Amino acid sequence: MPLQMESELKFPMGSTTSLSEQSVNDFVSLIKRVSGAMDRQRIIEVFKQHFCKVSGDYYARSSSLSWAESDMCSQAQNAAKDAPNFIAAVYEALEELEHSGATVPTVQHINQILQNNQDHYQIIDDQLIQTVGGVTAPEISESISNSVMRALGDAKTLIGTMDSSSAIDRAHTALHGYLVQLCADNQIDLPNDPTASKAFKQLRQFHPALQATGHRAEEVTRVLNSFAASIDAFSTLRNKASLAHVNDLLDVPEATAIVNAMYTVFRYIQDCMRRG
């Protein structure tokens, strides 16, 4: 199944966006680790075919495995001048090889390469979405529920556009769902229909990973207490200044700043969970 993406990503107007050199190198390294019962060169040829479709290069089978790998590297560089379609080429080649019985990396591997190298794309539910610079978007992982992942994907697509106020609703939905999910996963009691602020306060109180006990803990705690007040404000803005209801909307810079603030809270909690 082809990777889904918005038409402006698949058919860009004007110049295309290139993938970073490091991401290209990381993808080439990942490709070289794909294995299966089939001939090794056949695996490389599949990637060559998909890259040539993106770059417009003429495809021809190479005379040996070493030449195939060399040609694949060159064709990957050419295809990477169009980042979204390069990513689609990798995704679709892996899918084709998996159907042929090969052992292939997952979408999480693709997303990790893109995130590590600050290439602002992620694959969520078989759809490529474009993220934004500035505050790093929350990580997508298997531990996050599908509804939270979808809401994050929607927010990433909308942030920084004329629909940034819609991103407030979707980012708030993701943050709220994530906080409630963490409480449930860690047997932390919540009232019926808990607010995002209540879930955050319960996590701060009862989850050891969110206890500020290191250097300058008192000042850090004051900052974290301000997060709780901010989460209350996020909920109000979601209800009063987004398209969740009929509202007067925030301008793009303010809406983008609010979504980035929610991302900061989200990422802080994710980092704490890894520490815990």
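Me: How are Phe47 and Phe51 placed relative to each other in helix α3 (residues 40–55)?

Reply: Helices are DSSP runs of H or I with at least four residues, numbered from the N terminus. Because Phe47 and Phe51 are 4 residues apart in helix α3, about one helical turn separates them. The model is predicted, so local features need pLDDT of at least 70 and side-chain atom pairs pLDDT 80 or more, while totals for chains, interfaces and linings use all residues. Residues are numbered from 1 along each chain as its sequence is written, and side-chain values use heavy atoms, without hydrogens and water.

Me: How many aromatic pairs does the structure hold, and what kind do Phe47 and Phe51 form?

Reply: Rings of Phe, Tyr and Trp (its six-membered ring) pair if their centres lie within 6.5 Å; planes under 30 degrees apart are stacked, over 60 edge-to-face, and the rest tilted. The structure holds 5 such pairs. Phe47 and Phe51 form a tilted one, with 6.5 Å centre to centre and 35° between the planes.

Me: Are Phe47 and Phe51 buried or exposed?

Reply: Buried denotes under 20% relative accessible area, exposed over 50%, and partly exposed in between (1.4 Å probe, protein chains only). Both Phe47 and Phe51 are buried.

Me: What kind of aromatic pair do Phe51 and Phe86 form, and which parts does the pair tie together?

Reply: Phe51 and Phe86 are stacked, at 5.0 Å centre to centre and 15° between the planes. Since Phe51 lies in helix α3 and Phe86 in helix α5 (residues 83–99), the pair ties together parts 35 residues apart in sequence. Phe86 is buried, as is Phe51. Ring pairs link Phe27, Phe47, Phe51 and Phe86 into a cluster.

How values were computed
Helices (H or I, at least four residues) and strands (E, at least two) are DSSP runs, numbered from the N terminus.
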